[in-house]
Amino acid sequence: MAQDPQQGPELSSRLKKTNEELKHLQDSVKTGMINVKVLMDFRNATERARQASAAVQQWLETQGKGSDPYKLMEQVMRQRLEMATQLIKDVTSDLESLDVDLNTPGLPEFNRAVRTLTERLSKLFPY
């Protein structure tokens, strides 16, 4: 897909500003204002958005320099795995604390997704 040469730098600048605004929002919401779990979820979500924004910005800059932006995919995948790992740890904690139970909306779909993931991972880690 061809990129408008003028759009790249403008979009990159907008992404940088958005990233800075997300950081400011993260810093503005303090402990004690809201439930700790809600606060942590907010901080994790804004951090993920910042990472994704930075990845798009890097992609555009790398592409603009004529380099291969696909080299960034390793970083994107690493961040995705880190995020998924943290989410699974959070859900595990929620299950242990009984914040999540059989009546929690989305739990059956989550269970199916985890089972599918386990099946796929068993091909990579057959122990």
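**Exercise 1.** In which segment is Y127 found? Determine also whether Y127 is buried or exposed.

*Solution.* The structure is a predicted model.
Step 1: Y127 belongs to the segment after helix 4.
Step 2: The relative accessibility of Y127 is 86%. A residue is called exposed over 50%, and Y127 therefore counts as exposed.

**Exercise 2.** Identify the residues of the nonpolar surface patch and the helix that gives the most to the patch.

*Solution.*
Step 1: The patch consists of I88, F110, L117, L121, L124, F125 and Y127.
Step 2: Together, these residues have about 770 Å² of accessible area.
Step 3: The most is given by helix 4, residues 107–124, which provides four residues.

**Exercise 3.** Locate Q57 and decide whether Q57 is buried or exposed.

*Solution.*
Step 1: Q57 is part of helix 2, which covers residues 36–64.
Step 2: The relative accessible area of Q57 is 15%. Buried means under 20%, so Q57 is buried.
Step 3: Leaving aside residues up to four places away in sequence, Q57 touches S12, L15 and K16.

**Exercise 4.** Describe how helix 2 and helix 3 are oriented relative to each other, and name residues in their contact.

*Solution.*
Step 1: Helix 3 spans residues 73–96, and its axis comes within 11 Å of the axis of helix 2.
Step 2: The two axes cross at roughly 170°. Angles over 145 degrees count as roughly antiparallel, and helix 2 and helix 3 are therefore roughly antiparallel to each other.
Step 3: On the side of helix 2, the contact includes K37, N44, R48 and W59. On the side of helix 3, the contact includes M73, Q79, M83 and D94.

Definitions and conventions. Residues are numbered from 1 along each chain as its sequence is written. This is a predicted model: local features need pLDDT of at least 70, side-chain atom pairs count only at pLDDT 80 or more; totals for chains, interfaces and linings use all residues. Side-chain values use heavy atoms; hydrogens and water are left out. Helices (H or I, at least four residues) and strands (E, at least two) are DSSP runs, numbered from the N terminus. Buried means under 20% relative accessible area, exposed over 50%, partly exposed in between (1.4 Å probe, protein chains only). Contact means heavy atoms within 4.5 Å. Patches are made of residues with over 30% relative accessible area and no salt bridge: like charges are joined within 9 Å, nonpolar side chains (Val, Leu, Ile, Met, Phe, Trp, Tyr) within 5 Å. Accessible areas come from the Shrake-Rupley method with a 1.4 Å probe; for residues, only the protein chains shown count as cover. A salt bridge is a side-chain nitrogen of Lys or Arg within 4 Å of a carboxyl oxygen of Asp or Glu. Axes are lines fitted to C-alpha atoms, for helices over the stretch in contact, and angles run from 0 to 180 degrees between N-to-C directions. Angles under 35 degrees count as roughly parallel, over 145 as roughly antiparallel, 65 to 115 as roughly perpendicular and the rest as oblique.
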